[in-house]
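Have a look at this one with me before we talk it over.

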Amino acid sequence: MEDHDMVAEALGLALAQVAEIEMVARARSVAEAIAAARRHRPDVVLLDRRLPDGDGIEAIPQLREAAPEMRVLVLTGEATAAVATRVVEAGGGGLMLKTARLDELTAAIRQVASGDVAFAPALLAGVFDRLTGRLSTGGRTLTARERETLALLADGASTDEISDRLQVTRNTARNHVQRVLEKLGARSKLEAVAIARREGLLD
């Protein structure tokens, strides 16, 4: 279920040439994907992380509810340990970059179909650290207002602009920024944004 039709069509044509892999349906949205999963009950769903009506990773539980035996392999433009952890926590079986070669993708599909997971070894180390709590991520403790502040920082907003956008006093805006930095363990606004992107807190 790839959001870019041309890429999805190319993937479908390529996978159609692969022995033992049969594409039974293609969907353009989370809603279509869930309906198709109920109807066809495939062994594996190849799911884009970004779809017009939602986040593909967030849709994994709904897909698995529609077809409990089905496994999910997520395609993404950016594979980080934080994103991979989200896939695991949602019940997904693997994460592949959209730039992966066809042989790498088909190998991952077969792995996931057999019940194994398909993550790069470098990502798995980070996933284990996060799932076992060895790697602390302050991003999970950010309040809704602090997340808004972080998003504005990522857009390059100054403290005065954050104050205007959030309709709070400059001192309050400065306090929000300071708490974001503290929770992310950052020494500057730029570093906070870099950490947030690495941890999957920003798209």
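1. First, the ground rules. This is a predicted model, where local features need pLDDT of at least 70 and side-chain atom pairs count only at pLDDT 80 or more, while totals for chains, interfaces and linings use all residues. Residues are numbered from 1 along each chain as its sequence is written, and side-chain values use heavy atoms, with hydrogens and water left out.

2. The overall picture: the protein has 10 helices and five strands (DSSP runs, H or I of at least four residues for helices and E of at least two for strands, numbered from the N terminus). Its C-alpha atoms fill a box of roughly 60 × 35 × 30 Å along the principal axes.

3. The protein exposes about 11100 Å², and 51% of that comes from carbon and sulfur atoms (Shrake-Rupley method, 1.4 Å probe).

4. Now zoom in on helix 5, residues 102–113. Its 12 residues should span 16 Å at 1.5 Å a residue, and its end C-alpha atoms are 16 Å apart, so the two agree (the expected span is 1.5 Å times one less than the number of residues).

5. Which residues of helix 5 are buried? They are Leu105, Thr106, Ala108, Ile109 and Val112. These cover an arc of only 155° around the axis, which means they sit on the same side of helix 5 (the arc is that of the directions from the helix axis to the C-beta atoms).

6. Just after helix 5, check Gly115: its phi is positive, about 100°.

Notes. Buried means under 20% relative accessible area, exposed over 50%, partly exposed in between (1.4 Å probe, protein chains only).
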